[in-house]
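The sequence and structure are shown below.

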Amino acid sequence: MSVVVLKDKCIGCKLCVPACPYNAIEVVDRKAIIKDNCTGCGACVTSCKKDAIISEGQKAGQSNLNQYQGVWVFAEQREGRLADVAIELLGEGRKLADQLGQKLAAVLLGDEVESLAGQLFAFGADRVYLAQDPILKHYRTEAYATVVADLAQAEKPAIVLYGATHVGRDLAPRVTRRLRTGLTADCTELDIDNESGLLLQTRPAFGGSIMATIVCPNHRPQMATVRPGVFSKPEKVEGRKGEIVTVPVKIAEKDIRTTILEVVKEAKQGANLEEASVIVAGGRGIGNAEKFKLLDEVARLLGGEVAASRAAVEAGWLGPERQVGQTGKTVRPKLYIACGISGAIQHRAGMQGSEVIVAINKDPNAPIFTIADYGIVADVHEILPILKEELARLKD
Ligand code: FAD
């Protein structure tokens with residue numbers, strides 16, 4: 001990448017001079033000059049308050065933003081099974097594409113994965129870009145990033161969405177860098193600005209104390225990751241058809257620096273909270289690890305799982321794999337019972353999509369009541385034994 005000074009915008013303020021770690025800028029006659037030892041690192045681009053220094057890619061891109069059309073979803077799959085988050089993103093992607101009046105495409109990479117295309121159409125894709133080759137059998141950063149970035153460069157989508165899974169979190173930044181665009185991680189809301197058509201990417205910021213809406217006005221594609229469970233799955237329309245575009249895979253094994261010798265599956269620890277239809281969650285108000293057992297019993301009677309706030313996890317009452325919230329899991333069960341949880345914004349971020357929320361808290365002003373469908377102002381230690389008894393009676 002090289003950088004360019006827009007002479008009409010440069011005011012000779014010299015802010016870029018100390019910003020350059022390579023001493024590659026000087027100001028002559030009140031205009032910045034880029035010297036031959038510039039590495040194109042871009043530090044000066046961000047330092048310029050007048051947008052007078054841009055990267056070459058940006059210069060080319062700015063005049064061509066309208067060429068970028070369509071919404072893409074990275075259709076993550078493992079061993080031929082689509083990740084739930086890919087389906088959730090198809091639902092959200094469909095809404096965005098319809099708002100823009102553009103097409104929704106799924107980008108499917110793997111080995112012999114064509115049979116998944118039908119599902120992608122059924123969940124809303126108009127088109128599936130299909131790259132299949134033995135080299136793509138397992139996820140490897142270089143191979144996947146090359147295929148997705150090359151494809152995006154050729155086809156020019158306006159928006160690309162990835163699940164914030166281990167794979168998505170690794171892939172999306174690599175593609176971002178190659179396309180010299182921006183990426184907003186862990187979005188909790190996506191929308192289209194009616195006037196500008198820009199993607200509005202909302203996510204918690206400053207430790208979750210505010211929600212920030214981020215736009216990417218000068219670069220394409222606009223890219224975002226979204227954690228599993230943030231959006232609900234769309235309805236499946238069996239028999240829905242679309243177009244399959246075969247993507248030639250031009251990479252060779254010698255171009256990839258990693259080799260997969262063996263895949264060792266780790267036994268899954270604990271519950272899959274994201275898939276539980278009932279969650280009974282406890283917070284600091286539960287008091288100790290021993291008392292969490294009652295929550296577990298109630299959860300079992302309801303056929304659900306037990307979960308915790310960060311305060312309870314930090315106290316060591318439950319494992320971190322059961323934490324719900326901004327730095328834990330995002331869940332959307334049919335029923336979420338919050339026991340002795342205040343409802344801090346960081347906790348709510350992980351459970352507010354639940355269908356029905358019941359809160360038990362002795363403080364009538366606890367914020368959890370602002371999102372609860374049913375609120376019980378009481379001591380949780382009085383309510384839970386009654387609930388358990390009643391559920392056990394109903395089971396008999
Ligand atoms: P408290 O806020 O202490 O609330 C305890 C509640 O229990 C009170 O409302 C009290 O009235 C009630 N209570 C007490 N005794 C009883 C009783 N006997 N019967 C009924 N009610 C009772 N938090 C998360 O949960 N998940 C996250 O992922 C997360 N991520 C975070 C990320 C960042 C960057 C930061 C800064 C914070 C994060 N937090 C997260 C922490 C969050 O801000 C809160 O501190 C935390 O959620 C509080 O947990 P709590 O509701 O259990 O405890």
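## Strand pairing around β5

Two strands are said to pair if DSSP finds at least two bridges between them. In this predicted model, strand β5 (residues 71-74) and strand β10 (residues 159-163) pair in the parallel sense, with three bridges between them. Within that pairing, Val71 stands opposite Ile159 of β10. Strand β5 also pairs with β8, again in the parallel sense, over four bridges. In this case Phe74 has Val107 of β8 as its bridge partner.

Which residues cover the two faces of β5? Val71 and Val73 lie on one side and Trp72 and Phe74 on the other, and all of them are buried.

## Overall architecture

The secondary structure of the protein consists of eleven helices and 21 strands. Along the principal axes, the C-alpha atoms fill a box of roughly 80 × 50 × 45 Å. Of the 396 residues, 47% are buried. Among contacts with a separation of 6 or more, 61% involve residues 24 or more positions apart.

The accessible surface amounts to about 20,200 Å², and carbon and sulfur atoms contribute 49% of it. The protein carries 49 positive and 49 negative charges, whose mean positions are 5 Å apart.

## Ala106 in strand β8

Ala106 belongs to strand β8 (residues 104-110). Is this residue buried or exposed? Ala106 counts as buried because its relative accessible area is 0%, and the cut-off for a buried residue is under 20%.

Beyond its neighbours within four places in sequence, Ala106 is in contact with Val73, Ala75, Leu90, Leu120, Ala125, Arg127, Val128 and Tyr129. Ala185, by comparison, is 79 residues away from Ala106 in sequence, with a C-alpha to C-alpha distance of 19 Å.

Arg322 is located in the loop between α9 (310-314) and β19 (335-339). With a relative accessible area of 16%, Arg322 is buried.

Which side chain makes a polar contact of 3.2 Å with that of Arg322? The partner is Glu305.

## Backbone geometry in loops

Most residues other than glycine have a negative phi, and most peptide bonds are trans.

Glu112, in the loop between β8 and α5 (117-122), has a positive phi near 55 degrees although the residue is not a glycine. The side of the cut-off on which Glu112 falls is clear: its relative accessible area is 68%, so Glu112 is exposed. Arg180, in the loop between α7 (166-179) and β11 (183-187), likewise has a positive phi, of about 50 degrees, without being a glycine. Its relative accessible area is 33%, and Arg180 is therefore partly exposed.

Where is the cis peptide bond that involves Pro221? This bond joins Arg220 and Pro221, with omega at about -5 degrees. Pro221 lies in the loop between β14 (210-214) and β15 (222-226).

How values were computed
Residues are numbered from 1 along each chain as its sequence is written. This is a predicted model: local features need pLDDT of at least 70, side-chain atom pairs count only at pLDDT 80 or more; totals for chains, interfaces and linings use all residues. Side-chain values use heavy atoms; hydrogens and water are left out. Buried means under 20% relative accessible area, exposed over 50%, partly exposed in between (1.4 Å probe, protein chains only). Contact means heavy atoms within 4.5 Å. Accessible areas come from the Shrake-Rupley method with a 1.4 Å probe; for residues, only the protein chains shown count as cover. Lys and Arg count as positive and Asp and Glu as negative; His and the chain ends are not counted. The place of a charge is taken as NZ of Lys, CZ of Arg, CG of Asp or CD of Glu. A polar contact is a pair of N or O atoms within 3.5 Å; within protein, one must be able to donate a hydrogen and the other to accept it, and residues adjacent in sequence count only if both atoms are side-chain atoms.
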